[in-house]
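Take a look at the chain below. What can its model tell us about overall form and about what lies inside or outside?

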Amino acid sequence: EGVGKAMVADLVPKGSRGKALGIFYALTGLTQLVASAMMGLVWDRIAPSASFFLAAYIAFIAIVALPAVRTSR
C-alpha cells in the first residue's frame, strides 16, 4: 500500500495529490471487487482448485511479462 501511495504522490503535482490518491484507491478497490467476484464465480461454478490454478497462471504470466514492461529511471 505504501509503495502505490508513494508512486502516485511522486507522479502528480503537489496540489493534486489528494484527488489523485482518491482516484487511485477508488480504482484499486474497484479492481479488487471485480477480481474477487470473478474468482468467486470460478470457485463456485468450476471448482475451488480451479481458482488457485487460475491465480497461479495469472501470476506466472505477470512474472514472464515483467521484464518486457519494466522501465528504468
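A residue counts as buried when its relative accessible area is under 20%, and as exposed when that area is over 50%. By this cut-off, buried residues make up 10% of the 73 residues in the chain. The model is a predicted one. Its average pLDDT is 91, and 96% of the residues score at least 70.

The chain holds three helices and zero strands. Along the sequence the pattern reads α-α-α.

| Element | Residues | Mean pLDDT |
|---|---|---|
| helix 1 | residues 2-11 | 88 (lowest) |
| helix 2 | residues 17-45 | 95 (highest) |

Now consider the overall form. The radius of gyration of the chain is 16 Å, whereas a compact globule of 73 residues would have one near 11 Å. The C-alpha trace spans about 50 × 25 × 15 Å along its principal axes. The chain exposes about 6200 Å². Carbon and sulfur atoms supply 70% of that area.

Which residues of helix 1 are buried? They are Gly4, Val8 and Ala9. Why do these residues lie on the same side of helix 1? They do so because they cover an arc of only 135° around the axis. Helix 2 is part of what covers the buried residues of helix 1. The face turned away from the buried side of helix 1 carries Gly2, Val3 and Asp10, which are exposed.

How values were computed. Residues numbered from 1 in each chain as written. Predicted model: local features only at pLDDT ≥ 70, side-chain atom pairs only at ≥ 80, totals over all residues. Heavy atoms only, no water. pLDDT = per-residue confidence, 0-100. Helix = DSSP H or I, 4+ residues; strand = E, 2+ residues; numbered from the N terminus. Rg over C-alpha atoms; globule rule 2.2 N^0.38 Å. Buried < 20%, exposed > 50% of the residue type's maximum accessible area, 1.4 Å probe, protein only. Areas by Shrake-Rupley, 256 points an atom, 1.4 Å probe, with all protein chains shown as cover. Arc of directions from axis to C-beta. Contact = heavy atoms within 4.5 Å.
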